[in-house]
Amino acid sequence: MNNEALDDASIAAAAHLKPIAEIAAAAGVPDEALEPYGRHQGKIDVARLGGGEPTGAVVLVSAMSPTPAGEGKSTVTVGLGDALAAAGHRTMIALREPSLGPVFGMKGGATGGGNAQIVPMVSINLHFTGDFHAITSANNLLAAMVDNHLHHGNALDLDPESISFKRVLDVNDRALRRIRLDSGAGRETGFDITAASEVMAVLCLARDMGDLKARLGRITVGFTRSGLPVTAGDLEASGAMAMLLRDALKPNLVQTIAGTPALVHGGPFANIAHGCNSAIATDTARRLADVVVTEAGFGADLGAEKFLDIKARAADCAPTVVVLVATVRALKMHGGRDKADLAGSDPTAVAAGLPNLARHVRNVRRYGYEPVVALNRFGTDGDEELAVVENYCADNGVRCAITEVHARGAAGGAELARHVGALLGQTPSYRGIYPPDADVEEQIEAIVRHVYGGDGVEFAPEARAQLERIRAHGWERLPVCIAKTQYSFSDDPSLLGAPTGFTVRVRELVPKTGAGFVVALTGTVMTMPGLPAAPAAERMDVHDDGTVAGLF
C-alpha cells in the first residue's frame with residue numbers, strides 16, 4: 001500500500017497489528033509476565049519476567065531547539081528502532097506516554113507519524129491503560145489528605161501557607177493555575193498538569209514497588225510552623241497512593257507499524273519536568289533487547305540534559321549513542337524566518353540557523369559523546385537546504401543522515417541506523433558537566449553557563465530564601481531539574497538561535513524529595529499550560545462507527 005498520501009490516523013488504522021501475545025513472545029516476555037489490555041496492548045509484570053541484568057545499549061534520541069509544532073523526534077525514534085531491527089539488531093523502543101494536554105492543545109499526539117508510528121495510535125494517545133488517571137488519582141488523594149488533616153485539627157502543626165503540593169489534571173486549563181479552597185484554612189493553591197506531578201516523576205524513577213513506596217513517603221507537602229518538613233509518610237498516605245499505582249507501575253507493551261516491540265510508560269514533560277519515560281521500562285527493555293532506542297523531550301538543552309544528569313545517574317542507564325534530530329524548518333526559524341512562513345526554500349536562513357544546532361552538538365560532546373545528526377526530511381525541504389546541513393556536519397566531523405522514516409518507514413532510516421550501529425560497540429563515555437557533589441546553586445550555574453551558553457544566574461528573593469531552606473534540610477546535593485522554555489537556550493522564548501550575554505532568572509525552587517530532585521522554575525514557564533486560540537480539540541470528532549477523526 002502507498003501510504004504517502006494518507007494522514008497519520010489513516011496509516012495507523014490501515015496497519016496490520018499482531019496480537020500482543022505474539023509481540024511479547026517475540027520480545028522474550030514469558031506468558032505469565034504478560035497482562036493483556038485488549039488484543040493489541042498489555043502490561044509486563046516485571047517481577048515475573050525473570051532473566052538477568054539490564055545490559056542492552058541505550059540509544060538516546062534528542063533534538064535541536066524545536067518549532068512549536070515539534071521536529072518529529074518521536075517519529076525518528078520509532079523509525080530508527082524499526083531500521084535497527086530490520087538491520088538485524090534485537091531492538092526495543094522505550095517512549096513516554098502522551099499527555100492529553102498537548103493532544104487536545106497545539107502539539108498533537110506523541111506516537112510518531114506516517115510510517116513510523118507506535119500502535120494502536122488512538123488508544124495510546126487517549127486513555128491507553130489508565131496510567132495517567134492512576135497518577136492523577138494518587139496525586140489528588142494526597143492533596144485531599146493534606147486538607148483533611150488541616151480540617152481535623154492539624155495535629156502536625158502544618159503551616160497552610162507553606163503547602164506546595166498541588167492537585168493535578170491531565171488537561172491544559174489556565175483557569176486552574178490559581179484557585180482558593182473553601183476548606184484547608186481557606187488557602188490559595190492551584191492545579192498543575194499531571195505530567196508535572198511529582199507523583200509522575202516518582203513513578204518514572206522508581207525501580208520497583210518498594211522503591212515506589214519509599215519515594216512516595218518522602219514527598220514533601222509543606223512545612224510545620226517551626227520549619228520542619230511534612231511528608232506524605234507523615235500523613236500516612238503513601239500506602240494508599242502506592243495501591244492506586246500498583247498497575248500503573250508495570251510498563252506498557254505495544255508495537256510499531258513494522259512490528260517492533262515498544263514499551264510506552266510514564267510521561268513527564270521536559271520543559272517543566274524531567275522528560276523521560278520510566279526507569280523501569282528502560283531497564284525492562286535493556287533486559288529483553290540488545291539495543292533500546294529511547295527519547296528525551298524537546299531540545300537537548302532540556303530533555304538530554306535531564307536524561308544524562310538525572311535519569312542516567314538514578315537508573316544507571318547512560319546511553320551508548322546520542323542522536324540529535326534536526327530539521328530544515330527549525331533551522332530556518334532559528335535563522336530568522338517567521339515561524340508561520342517556514343515552507344519556502346531559503347538556504348541562507350538554514351545556514352543562519354546552524355549556530356543553534358552547533359551548540360547542541362557542542363553540548364553532547366561536553367557529555368562525552370559524538371552525536372549523530374538525524375536530518376528529518378519534510379516534503380517541503382529543498383535539496384540545497386539539506387545540503388547546507390550536510391556540509392556543516394561534514395566540515396565539523398559530525399555523522400549525519402537524511403532521515404525519511406515518516407514517508408518510508410524503516411527503509412527511510414537505514415542510513416541513520418548504519419551510523420548508530422557503527423557506534424554501538426563503544427563503551428558509554430558519559431561525563432557530567434558538574435561534580436557529583438555540587439550543590440543546587442552550583443548545578444544551576446553550570447547548566448546555564450555550559451549547556452545554555454548564558455552568563456550566569458539571578459535568583460529572585462523568594463528563590464534565594466527557598467535555597468537557604470533547601471540547604472538547611474540537607475537537600476542541596478539533589479540534582480536540579482530546570483523548568484524552562486523549550487524554544488530558546490535562554491529563559492526567554494523570543495531569543496532564538498544561539499543567544500549569548502543573557503542571564504537566567506530563577507523565580508522559585510521547589511524540592512521534590514520523593515522524586516529526588518529540586519525543580520528550578522525560570523522565566524514565565526507554567527506548570528499548568530493553557531490552550532491555544534484554536535486548540536486541536538476543535539478539529540476532532542468520532543464517527544458513528546467509532547472511528548476517530550482529527551487526531552494526529
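Predicted model: local features only at pLDDT ≥ 70, side-chain atom pairs only at ≥ 80, totals over all residues.
Figure 1. P120 is placed in the loop that runs between strand β6 (116–119) and helix α5 (121–125). The peptide bond between V119 and P120 is cis, with omega at about 5°.

**Figure 2. Positive phi at N154 and at D316.** N154, although not a glycine, has a positive phi of about 55°, and its place is the loop between α6 and β7 (167–169). With a relative accessible area of 14%, N154 is buried. D316 is likewise a residue other than glycine with a positive phi, in this case near 55°, and it belongs to the loop between α11 (300–315) and β16 (321–326). The relative accessible area of D316 is 62%, and this residue is therefore exposed, a class that begins over 50%.

**Figure 3. The aromatic pair of F223 and W475.** The model contains 2 aromatic pairs. In the one formed by F223 and W475, the ring centres are 6.2 Å apart and the planes make an angle of 45°, an arrangement that counts as tilted. The pair links distant parts of the chain, given that F223 belongs to strand β11 (residues 220–223), whereas W475 lies in the loop between α18 (461–472) and β20 (480–483), 252 residues apart. F223 is buried, its relative accessible area being 6%, and W475 is buried as well, with a value of 13%.

**Figure 4. The aromatic pair of Y367 and Y430.** The ring centres of Y367 and Y430 are 6.1 Å apart and the ring planes are at 15°, so the pair counts as stacked, the cut-off for that class being an angle under 30 degrees. Y367 is located in the loop between α13 (347–366) and β17 (372–376), and Y430 in the loop between α16 (414–423) and α17 (440–452), so the pair ties together parts of the chain that lie 63 residues apart in sequence. Y367 is buried, at 3% relative accessibility, whereas Y430, at 24%, is partly exposed.

**Figure 5. The crossing of α13 and α17, with two charged groups placed over rings.** The axes of α13 and α17 come within 9 Å and cross at roughly 125°, and the two helices are therefore oblique to each other. On the side of α13 the contact is made by R359, R362, N363 and R366, and on the side of α17 by H450, V451 and Y452. R359 also lies over the face of F489, at 5.0 Å from the ring centre. The ring of Y452, in turn, has the charged end of K484 over it, 4.8 Å from its centre.

Figure 6. D491 is found in the loop between β20 and β21 (503–512), where it is buried, with a relative accessible area of 15%. The C-alpha atom of D491 is separated by 23 Å from that of A201, which is 290 residues away along the chain. Q466, in helix α18, is buried at 17% relative accessibility.

**Figure 7. The largest nonpolar core and a separate one.** The largest nonpolar core has 69 residues, of which L142, I219 and L245 touch the most other members. Helix α6 (residues 131–151) supplies the largest share of this core, namely 8 residues. Leaving out neighbours within four places in sequence, L245 is in contact with A134, I135, A138, V199, L203, L212 and L216. Another core, of 62 residues, lies apart from this one and includes V361, I433, I444 and A463.

**Figure 8. Helix α10, a mostly covered helix.** The buried residues of α10 are A279, I280, A281, T282, D283, T284, A285, R286 and L288.

Terms used. Residues numbered from 1 in each chain as written. Heavy atoms only, no water. Phe/Tyr/Trp six-rings, centres within 6.5 Å; stacked < 30°, edge-to-face > 60°. Helix = DSSP H or I, 4+ residues; strand = E, 2+ residues; numbered from the N terminus. Buried < 20%, exposed > 50% of the residue type's maximum accessible area, 1.4 Å probe, protein only. Lys NZ or Arg CZ within 6 Å of the ring centre and 35° of its normal. Core = buried A, V, L, I, M, F, W, Y, C linked by side-chain atoms within 4.5 Å. Contact = heavy atoms within 4.5 Å. Axes fitted to C-alpha atoms, helices over the stretch in contact; angles between N-to-C directions. Parallel < 35°, antiparallel > 145°, perpendicular 65-115°, else oblique.
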